[in-house]
Amino acid sequence: MKQKIGLISLGCPKNLVDSEIMMGTLKEAGYELTTKLEMTDIIIVNTCAFIGDAKEEAIMSILEASMYKTHGNLKTLIVTGCLAERYKDEIIKEIPEVDLVIGTGSIGRIVEIIEENHINNLQKVYADLPDSVDYLDNSRVLSDNKPYVYLKIAEGCSNHCTYCIIPNLRGRFRSRTIESIVNEAEELALQGKKEIVLVAQDVTRYGLDLYGEIKLVTLIRRLSSIEGIARIRLLYCYPELINDELIEEMRTNPKLCKYFDIPLQHISNKILKTMGRRGTKEYIIKLLKTLRERIPGLVIRTTFIVGFPGETEEDYNELYSFIKDNQFEHLGVFSYSKEEGTPAYKFKDHLPEAIKKERRDKIMELQYGKIEQYNCSLIGRIYDTIIEGVAEDGIFYIGRSYAEAPEIDPVIYLTSAEPLEIGDIVPVKILCADGYDLIGEVQI
């Protein structure tokens, strides 16, 4: 009999895709998938290691899973993902309960690795060079019945920002073929998925490595022709690669959400340079102006990092003023995390945690006030809203318009005179705001 397998997936949507592919591959090989971890023979913890908090969460999840060796049926504990790639030898050495460590370049061989371990029963580390995207064509088991789904169009990153460890963990940027992506999207549409969220470390680079030129718009047009797909959303866009062709496609393609997720990270030219970012303050300001002028109704999400090594009060004030003077419908702020293996780790002038926290909190307070004003401007407007489920109170449905990306943005709580199903797309009139979230009702 094949063993029972459970999986704990941590981190970003790209990691979730990897988790679903591992589950699909294992199911196809005859393993029984279960969410009851106390009944599993094998537990896989697919980890993130982007910043300190993610590493702590991963380690705690590994330790909690290991308890099923004494309080359950667990025989094999496997750690995969970015933490496995980054600390492969340390995990085996420091956490003896872990039986297998599988790096990001080896998850496509997970069945083979488990079978070999079942025979030999030895602790092992598998860390092939992450240089392929072939595993993305493997079978996939979706983890929920939401109307949206993440579709990974590339792996790795070639931007080499000085604060980021991703190129070390995931390898160089590698695009899937258009045919591979379209085939998967067609299958996802047949499974009832209405919104396809294209994810990569930098979707705007798509195709450059494979075809010698950027092919994102070509891909979007192919996906737009698939029956059943109502929305296409992009996560994440590098500002310097947003070109006229993409802007025009977003302006004119009714299926492409008028939503840009553009991690700007900072606005001070000095800090942008030390971060290894290619753009400048002047370019960013011009880009935002162009996007607003050419795409009516555009929603922009961005993130910033405060407390980067060498960030002076003047640099921070420049960033604060920039945020104050510009509208970002969704904005996140991270305190700089000092990560081993990155160039910034060795930089001088690292700031105390207290200063970083103070700067982050001040920007978030500013943004909350701006969001209150923005949400008030939406009252009375009607938006096509995709239904994701029912709120815990059983009174409201939960939905999103094109202006809200799943999981990271606020939602719309709405009422309806008629019953609704997950995946329905209905017109919703915004009545009021509740903090970051919106309240509305279906228009008949």
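Q: What is the volume of the second largest cavity?
A: A friendly note before the number: this is a predicted model, in which local features need pLDDT of at least 70, side-chain atom pairs count only at pLDDT 80 or more, and totals for chains, interfaces and linings use all residues. Residues are numbered from 1 along each chain as its sequence is written, and side-chain values use heavy atoms, leaving out hydrogens and water. A cavity is a set of points, on a 1 Å grid over the protein atoms alone, where a 1.4 Å probe fits but cannot get out; points are joined across faces, edges and corners, and a volume is the space filled by probe spheres set on them. The second largest cavity has a volume of about 50 Å³.

Q: Which elements give two or more residues to the lining of the second largest cavity?
A: Its lining residues (an atom within 4 Å of a point) are Thr-204, Ile-214, Leu-216, Val-217, Leu-241, Asn-243, Glu-245 and Leu-246. Elements here are DSSP runs numbered from the N terminus, with helices as H or I of at least four residues and strands as E of at least two. Two or more lining residues come from each of α9 and α10.

Q: Are α9 and α10 roughly parallel or roughly antiparallel?
A: The axes of α9 (residues 216–224) and α10 (residues 244–252) come within 9 Å and cross at roughly 25°. Axes are lines fitted to C-alpha atoms over the stretch in contact, with angles from 0 to 180 degrees between N-to-C directions. Angles under 35 degrees count as roughly parallel and those over 145 as roughly antiparallel. The two helices are therefore roughly parallel.

Q: Which residues of α10 meet α9?
A: Contact means heavy atoms within 4.5 Å. On the α9 side the residues are Leu-216, Val-217, Ile-220 and Arg-221. Their partners in α10 are Glu-245, Leu-246 and Glu-249.

Q: What is the handedness of the crossing of α10 and α12?
A: The axes of α10 and α12 (residues 281–294) come within 10 Å and cross at roughly 30°. In this contact Asp-244, Ile-247, Glu-248 and Arg-251 of α10 meet Thr-290, Leu-291 and Arg-294 of α12. A crossing is left-handed if the near helix is turned anticlockwise from the far one by less than a right angle, and right-handed if clockwise. The crossing of α10 and α12 is right-handed.

Q: Which helix gives the largest share of the lining of the largest cavity?
A: The largest cavity has a volume of about 90 Å³. Of its 13 lining residues, the closest to the centre are His-330, Asn-375, Glu-404, Pro-410 and Tyr-436. The largest share, four residues, comes from α14.

Q: Which element gives the most to the lining of the second largest pocket?
A: A pocket is an open set with protein on both sides within 12 Å along at least five of seven lines. The second largest pocket has a volume of about 270 Å³. Two or more of its lining residues come from each of β1 (4–9) and α1 (13–28). The most, four residues, come from α1.

Q: Which residue is joined to Leu-235 by a cis peptide bond?
A: Omega is about 10° for this bond.

Q: What is the phi of His-160?
A: Most residues other than glycine have a negative phi. His-160 lies in the loop between β8 (154–155) and α6 (166–170). Although not a glycine, His-160 has a positive phi of about 55°.

Key
Angles under 35 degrees count as roughly parallel, over 145 as roughly antiparallel, 65 to 115 as roughly perpendicular and the rest as oblique.
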